[in-house]
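These are my notebook entries on one protein structure. I record what I looked up, entry by entry.

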Amino acid sequence: MRARRRTTVLAASLVLALTAAGPLAAPAFAGPAVTQHANSLDTQALVAALTGLPDQDATAALVRVGGTDGSWRGSAGVHDLPSAAPADPDARFRAGSTTKVVTAAAVLRLAAERRIDLNTPVQHYLPGLLGRQYRPITVRQLLNHTSGIPAGDGLGETFAEVYAHRFDTLTPQQVVASTAAKEPEFRPGKEQHYLNINYTILGLLIEKVTGRPYASEATRLVLAPAGMKDTYFPGTDPRIAGPHNRGYQAVKKADGTTELVDVTEWNQADRFAAGDMISTTADLERLLTSLFRGRIVPGPQLREMFTVPAHIDGATYSAGLQRFAYEGKVYWLKSGGRYGYNALIAGTRDLGRTLVYSVNSTDAKGEGMNPVAQRIAMAALK
């Protein structure tokens, strides 16, 4: 029984040397803006990680490093390419799959309130959601990606296809319906395969047991207790409300040159409870610290977020998080990527070291880890 590998897993990406994709025809911005109160942090490495933006890999980066060893804040790059104005360090951005941390925490809070039983099949709560070919799948198996449910359909396979449909709405219900007719990938609990579909179904579960929209319950159960006042779920609205830095995707043209396409506006409704959230680095840091200190999810349920299935070889995912060992320490993290934006939250269990970043990647959905994000992580986590 083995965990299925993903090419975008941080643990693998951190140790790979990635190749640059060629020069970016954009104005350079003079140096990172930083604030620090550091003891053992390698602040020179952190500054170096942000130096030179915008470049071919990213147009901006926002970073917050914290913990008992001190703190460091940095930003670099541009708000948008036409104006070349400095990046806003307090900007909102698409947080991608870090949404799953919020979804998992909401489910675990409902479990603490005895409104959800983690050992009960999701088919009990949502009868008829999946086809008869599916064995009973527990809520816990959705949380730790051991359900065996295959991915749902999207609005295309290539960037060109999905970009053409960026303002269309694909509902979570349609995504689940597309996967419900497929055959399971494996028997529940036998393997681990990270897929959005598990958290799409968890979002529907939250709505079923509470009788309220996912966004409302996620806000009540998680965002509000954590003090995340600048975080929200846009649903079908393609815009990012409030201050934000523009996101771009590098696209190869027929003549072999690269064009940067503005991808800031995009309807993310199909991401739902798996990746719809818009946030800030300050809010994600509040989520990380509040969650790890037990202020959101009670202790018995919080242990689920730090428990990887022991019976599956190579498993790294828990409920909402991923275990990552680096430089003799164990970090619990979650990364996320939507076109134009990469994000990450990471921390040791005792919060001795924490890292939150948003990188305006020019290939946010590409293979491997963005080189700028890689430099940040390696500087912050060593």
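**Cavity**

I sorted the lining of the largest cavity into 4 nonpolar, 3 polar and 2 charged residues (Ala, Val, Leu, Ile, Met, Phe, Trp, Tyr, Cys and Pro count as nonpolar, Asp, Glu, Lys and Arg as charged, the others, Gly among them, as polar). The model is predicted, so I note that local features need pLDDT of at least 70 and side-chain atom pairs pLDDT 80 or more, while totals for chains, interfaces and linings use all residues. Residues are numbered from 1 along each chain as its sequence is written, and side-chain values use heavy atoms, without hydrogens and water.

I listed the lining as Lys100, His145, Tyr194, Tyr199, Tyr317, Ser318, Gly320, Leu321 and Lys334. A cavity is a set of points on a 1 Å grid over the protein atoms alone where a 1.4 Å probe fits but cannot get out, and lining residues have an atom within 4 Å of a point.

**Core**

I then looked up the largest nonpolar core, where Leu143 and Met305 touch the most other members among 72 residues. Such a core joins buried Ala, Val, Leu, Ile, Met, Phe, Trp, Tyr and Cys residues through side-chain atoms within 4.5 Å, buried being under 20% relative accessible area, exposed over 50% and partly exposed in between, with a 1.4 Å probe and protein chains only.

Leaving aside neighbours within four places in sequence, Met305 is in contact (heavy atoms within 4.5 Å) with residues including Ser318 and Leu321.

Definitions and conventions. 1 Å grid on protein atoms, 1.4 Å probe; cavity = no way out; pocket = protein on both sides within 12 Å on 5 of 7 lines; lining within 4 Å.
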